[in-house]
Amino acid sequence: MDPKIGKKNEDEYFARQEYERQRKLAQQREAQLEQDQRDQLKQTHWMRCPKDGMELVEIEFMGVKVDKCTHCGGIFLDAGELDQLFAVNSKQSGVIIKVLQVFR
């Protein structure tokens, strides 16, 4: 076997190994940056109205804590709160049941 070919194959092997190591490091840095950006967005938008960006306050509505915008008056529900409202009202009839059924 020609020693030049062996050296070339060895160099290619180590170059591929170094490339893979650098690629994995870059992916880890990107994932961390994405997490940092998500954390920053969460902090920036925490308890802010998705419609107008104003402050949300937590109010109790029919035994469920919901978020209400101090500016536009919009009501926003977290995951599971619609089901809680539906459970509270399942024995009653009326408009609220029909509205809740639309979003279920």
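The dialogue below goes through the folding pattern, salt bridges, a pocket and some backbone features of a predicted model.

Student: What should I know about the model before reading values from it?

Tutor: The model is predicted, so local features need pLDDT of at least 70 and side-chain atom pairs count only at pLDDT 80 or more, while totals for chains, interfaces and linings use all residues. Residues are numbered from 1 along each chain as its sequence is written, and side-chain values use heavy atoms, with hydrogens and water left out.

Student: How many helices and strands are there, and which pattern do they follow?

Tutor: Helices (H or I, at least four residues) and strands (E, at least two) are DSSP runs, numbered from the N terminus. Here the protein has three helices and three strands, and along the sequence they read α-β-β-β-α-α.

Student: What share of the residues is buried?

Tutor: Buried means under 20% relative accessible area, exposed over 50%, and partly exposed in between, with a 1.4 Å probe and protein chains only. In this protein of 104 residues, 13% count as buried. For total area, the Shrake-Rupley method is used with a 1.4 Å probe; for residues, only the protein chains shown count as cover. The protein exposes about 8,700 Å², of which carbon and sulfur atoms supply 54%.

Student: How many salt bridges does a search of the whole structure find?

Tutor: A salt bridge is a side-chain nitrogen of Lys or Arg within 4 Å of a carboxyl oxygen of Asp or Glu. The search finds two. One joins E18 to R21, with the closest N and O atoms 2.8 Å apart. The other joins R23 to E20, at 2.6 Å from N to O.

Student: Where do E18 and R21 lie?

Tutor: Both lie in helix 1 (residues 3-45), three residues apart, about one turn of the helix. R23 and E20 are likewise three residues apart in helix 1, separated by about one helical turn.

Student: Are E18 and R21 buried, partly exposed or exposed?

Tutor: E18 is partly exposed at 34% relative accessible area, and R21 is partly exposed at 42%. In the other pair, R23 counts as partly exposed at 30%, as does E20 at 32%.

Student: Which residues line the second largest pocket?

Tutor: On a 1 Å grid over the protein atoms alone, a pocket is an open set of points where a 1.4 Å probe fits, with protein on both sides within 12 Å along at least five of seven lines; lining residues have an atom within 4 Å of a point. The lining here is W46, M47, R48, P50, L56, E58, D67, F76, L77 and D78. It divides into six nonpolar, no polar and four charged residues. The pocket holds about 160 Å³ of space.

Student: Which residues does V57 touch?

Tutor: Contact means heavy atoms within 4.5 Å. Not counting residues up to four places away in sequence, V57 touches M47, V66, D67, K68 and T70. V57 is found in strand 1 (residues 56-61) and is partly exposed at 33%. V57 and D67 are 10 residues apart in sequence and 5.4 Å apart in space, C-alpha to C-alpha.

Student: What is the phi of M47, and where does M47 lie?

Tutor: M47 has a positive phi of about 55° although it is not a glycine. M47 lies in the loop between helix 1 and strand 1. M62 also has a positive phi of about 55° without being a glycine, and lies in the loop between strand 1 and strand 2 (64-69).

Methods. Grid points are joined across faces, edges and corners, and a volume is the space filled by probe spheres set on the points. Ala, Val, Leu, Ile, Met, Phe, Trp, Tyr, Cys and Pro count as nonpolar, Asp, Glu, Lys and Arg as charged, and the others, Gly among them, as polar.
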